[in-house]
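Open the model in your viewer and keep the selection tool at hand. The stops below say what to select next and what is there.

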Amino acid sequence: MDLSSLFSVDGKVAVVTGGSRGIGLMIAEGLVRAGASVVISSRKAEVCDEVAARLSELGSCESMPADLSTPDGVDALASAVADRHDAVHLLVNNAGATWGAPLEDFPDEAWDKVHATNVKAPFRLTAKLLPQLRAAASADDPARVINIGSVDGIRVPSTDNYPYAASKAAIHMVTRQLAHRLVRDHITVNAIAPGPFPSKMMAFVLEADGGEELVASSVPLGRIGRPDDVVGATLFLASRAGSYLTGAIIPVD
């Protein structure tokens, strides 16, 4: 048993969507620091390029901007990745959207936008990148797909983010279905369900007076998430340490 390489992702190619901020950036930076060649994607090209340039000072990072709320954007990203990489060892489907509004005024378009980004895009991108994932996969070292869900898809959230919570419950089920289907191709599919972490989605709460303390008080450990928390879970699932696990939803909360 070689413990020194148990959690290694050195030399692997990873694609991280929504990789320019929040949890996606935490994961992307962790993978770069761990020796992976990382592709990050986000909707805003300038921001994506700037973050990739900064992460490139730590290791290997490429910018491939795309709007994953549309099928054309998903297809464009898949084509760009395929043009640069014959094999992809790890796909992290992290890009997401949320929408909060009172029940009586909740707009129909919110459901379409949130589900397009949080459910349809990860499903479509995984399918489009199957040739590259299969090329990286073997029985001893499967290719990996990690979907970023949420504890809001496990328990009832306290905010009026109806389509977000529903979409995260949906991506948890999609994770299980894909795991069942892709195991024959030596591809594992798991999900991380984060609790509260610093992100744009949480900013309206965390940046309010006393907001961080209020959120932390609702967490048993008494704090919000840190980069090490989600990076550790990612490295476990992406490395030899997690090669015998598929179809799992792992709360990081």
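Predicted model: local features only at pLDDT ≥ 70, side-chain atom pairs only at ≥ 80, totals over all residues.

Residues are numbered from 1 along each chain as its sequence is written, and side-chain values use heavy atoms, with hydrogens and water left out.

**Stop 1: the core**

Select I27, L31, V38, I40, I192 and V230. These are the residues with the most contacts inside the largest nonpolar core, which has 31 residues. Here a nonpolar core is a set of buried Ala, Val, Leu, Ile, Met, Phe, Trp, Tyr and Cys residues joined through side-chain atoms within 4.5 Å. Buried means under 20% relative accessible area, exposed means over 50%, and partly exposed lies in between, using a 1.4 Å probe and protein chains only.

Now colour the elements that give two or more residues to this core: β1 (13–17), α1 (22–33), β2, α2, β4 (90–93), β5 (143–148) and α9 (227–238). Helix α1 gives the most, with 7 residues. Helices (H or I, at least four residues) and strands (E, at least two) are DSSP runs, numbered from the N terminus.

**Stop 2**

The structure holds 10 salt bridges. A salt bridge is a side-chain nitrogen of Lys or Arg within 4 Å of a carboxyl oxygen of Asp or Glu. Select D75 and R124, which form one of them, with the closest N and O atoms 2.8 Å apart. R124 is in helix α4 and D75 in helix α3 (residues 71–84), so the pair links distant parts of the chain, 49 residues apart.

**Stop 3: other salt bridges**

Select D229 and R223, whose side chains meet in a salt bridge of 2.9 Å, N to O. D229 is partly exposed at 25% relative accessibility, and R223 is partly exposed with a relative accessible area of 25%. Then select K12, D141 and R144, which are linked in a network of salt bridges.

**Stop 4: surface patches**

Which residues gather in a patch of positive charge on the surface? Select R21, R43, K44 and K113. Patches are made of residues with over 30% relative accessible area and no salt bridge; like charges are joined within 9 Å, nonpolar side chains (Val, Leu, Ile, Met, Phe, Trp, Tyr) within 5 Å. R43 sits in the loop between β2 (37–41) and α2 (45–55) and is exposed, at 53%.

Next select L103, W111 and Y162, a nonpolar surface patch with about 300 Å² of accessible area together. Accessible areas come from the Shrake-Rupley method with a 1.4 Å probe. W111 lies in helix α4 and is partly exposed at 36%.

**Stop 5: a loop residue**

Finish at H186, in the loop between α6 (162–182) and β6 (187–194). H186 has a positive phi of about 60° although it is not a glycine.

Terms used. Lys, Arg positive; Asp, Glu negative; His and termini not counted. Charge placed at Lys NZ, Arg CZ, Asp CG, Glu CD.
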